[in-house]
Amino acid sequence: MQDGNQIHAGFSDPVFQSQGAFRALLAALSEPGLARDLGEAIEAPVGLEPATAVALLTLADYETPIWLPVALRDGPAGAWLRFHCAAALVEDPSRAAFAVIDGAAAEPLLSAFNAGDDQFPDRSTTVLVQCAGLDGGEAITLEGPGIAGRRTIAPAGLRPGFWDEVEGNATLYPLGVDLLLVHGTQALGLPRSTQIVETR
């Protein structure tokens, strides 16, 4: 349990668990649209999906600024990330290496985050989009690197216009943000190279 003075534990076996989660995250981004389970590695703080917490614990450190919605930044989630990752929590989304957004919230738009630049396209923000589910929503067909032919996904609980934002992000390639759609213990990767070819 977590109260005002207690912070949830992180990994019980940091090397083994972070290596497993890192492999799953790489697989999610290298095969866009295929959900990967990151495992029941930790008890996530309030406001973070388990997969979000595992991903940040695996990827973030004191050199990777994180953007969170104000309610999360000022609550247990922010305290947990400061304690376990020593990460700076920034107010400006364009300064974030990693960001967490509610997929149903109207803001911030994906365009608010750092898309990288011509010299360092890899320094863009990786945005973790917390969804109501990774299926049961509007069907979207994808193509691009890591997809044999085409692949259809249907994540639920995303704001109106979200897929238009994703299409706009793809036009920036090789710049643009990379996305991880998360729910429960699973993450589904949508790197900037992925194209939307059909919605319905």
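**Reading pockets, cover and contacts**

Tutor: Let's start with the largest pocket: helix H1 (residues 14–30) supplies the largest share of its lining, 4 residues. Helices are DSSP runs of H or I with at least four residues, strands are E runs of at least two, and both are numbered from the N terminus. This is a predicted model, where local features need pLDDT of at least 70, side-chain atom pairs count only at pLDDT 80 or more, and totals for chains, interfaces and linings use all residues. Residues are numbered from 1 along each chain as its sequence is written, and side-chain values use heavy atoms, leaving out hydrogens and water.

Student: Which residues lie nearest the centre of the largest pocket?

Tutor: First, the idea: on a 1 Å grid over the protein atoms alone, a pocket is an open set of points with protein on both sides within 12 Å along at least five of seven lines, while a cavity is a set where a 1.4 Å probe fits but cannot get out; lining residues have an atom within 4 Å of a point. Here 16 residues line the largest pocket, and Leu-29, Phe-98, Thr-126, Asp-178 and Arg-192 lie nearest its centre. By type, its lining has 9 nonpolar, 4 polar and 3 charged residues. Nonpolar covers Ala, Val, Leu, Ile, Met, Phe, Trp, Tyr, Cys and Pro; charged covers Asp, Glu, Lys and Arg; the others, Gly among them, are polar.

Student: What volume does the largest pocket have?

Tutor: About 330 Å³. A volume is the space filled by probe spheres set on the grid points, which are joined across faces, edges and corners.

Student: How many residues of helix H2 are buried?

Tutor: Buried means under 20% relative accessible area, exposed means over 50%, and partly exposed is in between (1.4 Å probe, protein chains only). In H2 (residues 50–59), 8 of the 10 residues are buried: Ala-51, Thr-52, Ala-53, Val-54, Ala-55, Leu-56, Leu-57 and Thr-58. Across the 200 residues of the protein chain, 50% count as buried.

Student: Where is Leu-34 found, and what does it touch?

Tutor: Look in the loop between H1 and strand S1 (36–37). Leu-34 counts as partly exposed because its relative accessibility is 32%. Contact means heavy atoms within 4.5 Å. Not counting residues up to four places away in sequence, Leu-34 touches Ala-28, Arg-151, Ala-187 and Leu-188. Leu-34 and Leu-190 sit 156 residues apart in sequence, yet their C-alpha atoms are 9.4 Å apart in space.

Student: Is Arg-123 buried or exposed?

Tutor: Exposed, with a relative accessible area of 52%. Arg-123 belongs to the loop between strand S4 (98–102) and strand S5 (126–130). Leaving aside neighbours within four places in sequence, Arg-123 contacts Asn-114 and Gly-116.

Student: How many helices and strands does the protein chain have?

Tutor: There are 5 helices and 10 strands. Its C-alpha atoms fill a box of roughly 50 × 30 × 30 Å, taken along the principal axes.
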